[in-house]
Amino acid sequence: SQNGLLTPESILVKRDDPYSEWAVQKNFSPPLVIKPADRGSSVGVSLVAAQNKVKEAIARAGNYSESVLAQRFIKGREVTCGVLEINGVAIPLVPTEIIPKQGIIFDYRAKYEISGSEEITPPNLPKKTVKNIQMIALKAHKLLGCSGMSRTDMILTEEGNLYILELNTVPGMTETSLLPQQAAKMGISFPQLLEIIIQSGLKKHG
């Protein structure tokens with residue numbers, strides 16, 4: 001945020017803090033998203049549509065982390081873009097649009113159930129928007145001091161604004177995962193991708 005990138009308004013609370021529910025309700029009106037602050041695969045994520053569901057959502061997220069993130073729900077199209085470091089140079093990959101078919105958000109079910117979501121690489125978006133997605137992913141990668149690879153998830157609003165939801169420093173790495181899909185669209189096979197990541201790690205850490 002301090003560097004001009006948009007992120008949803010959010011607060012961090014503790015699962016065992018008796019004032020957590022009050023703090024969330026004071027700062028947000030539904031809809032809002034409540035999730036573990038430090039887990040992957042969208043486990044424990046809730047889209048909260050009513051204030052009386054806040055306590056339950058905090059408890060659910062608290063099953064996975066002692067720190068719980070509550071943030072304003074941003075309506076729009078979900079996109080994600082990987083960054084790969086090749087010979088010491090960070091390069092943004094081809095972005096992907098994610099269309100959940102198992103609910104409104106790209107949660108655990110949408111990610112892992114058969115036909116849970118549709119993943120479109122490259123997205124059906126104007127070239128200017130695609131370029132902007134890539135530049136934001138690259139900037140976030142550098143600002144947070146990432147290395148080797150990363151994947152930044154964003155929401156594209158109807159107004160054309162891009163909000164960063166999170167940056168994944170260890171994104172999924174099966175052949176059908178998002179980052180390998182994006183690399184494939186740039187002519188980088190899965191074995192080549194693994195080789196690039198390994199070489200990047202060796203170069204950085206000796």
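The legends below accompany close-up views of a predicted model.

**View 1. Confidence along the predicted chain.** Across the chain the pLDDT averages 92, and 93% of the residues score at least 70. Among the elements of the chain, the lowest mean pLDDT, 55, belongs to helix 3 (residues 108-112), whereas the highest, 98, belongs to helix 4 (residues 127-143).

**View 2. Helix 6 from end to end.** Helix 6 covers residues 190-205, and its 16 residues reach 23 Å from the first C-alpha to the last, which is close to the 22 Å expected at 1.5 Å a residue. Helix 6 is followed by Gly206, a residue whose phi is positive, near 75°.

View 3. Leu193, Ile196, Ile197 and Ser200 are the buried residues of helix 6. When helix 6 is seen down its axis, these buried residues fall within an arc of 95°, so they line one face of the helix. The elements that cover the buried residues of helix 6 include strand 5 (77-86), strand 9 (149-156) and helix 5 (178-185). On the other side of helix 6, by contrast, Pro191 and His205 are exposed.

View 4. Asp153 has its place in strand 9, which is one of the elements covering the buried residues of helix 6. Because its relative accessible area is 5%, and a residue counts as buried when this value is under 20%, Asp153 is buried. Leaving aside residues up to four places away in sequence, Asp153 touches Glu78, Val79 and Thr80, together with Tyr163, Ile164, Leu165, Glu166 and Asn168.

Technical notes
Residues numbered from 1 in each chain as written. Predicted model: local features only at pLDDT ≥ 70, side-chain atom pairs only at ≥ 80, totals over all residues. Heavy atoms only, no water. Helix = DSSP H or I, 4+ residues; strand = E, 2+ residues; numbered from the N terminus. Expected span 1.5 Å × (residues − 1). Buried < 20%, exposed > 50% of the residue type's maximum accessible area, 1.4 Å probe, protein only. Arc of directions from axis to C-beta. Contact = heavy atoms within 4.5 Å. pLDDT = per-residue confidence, 0-100.
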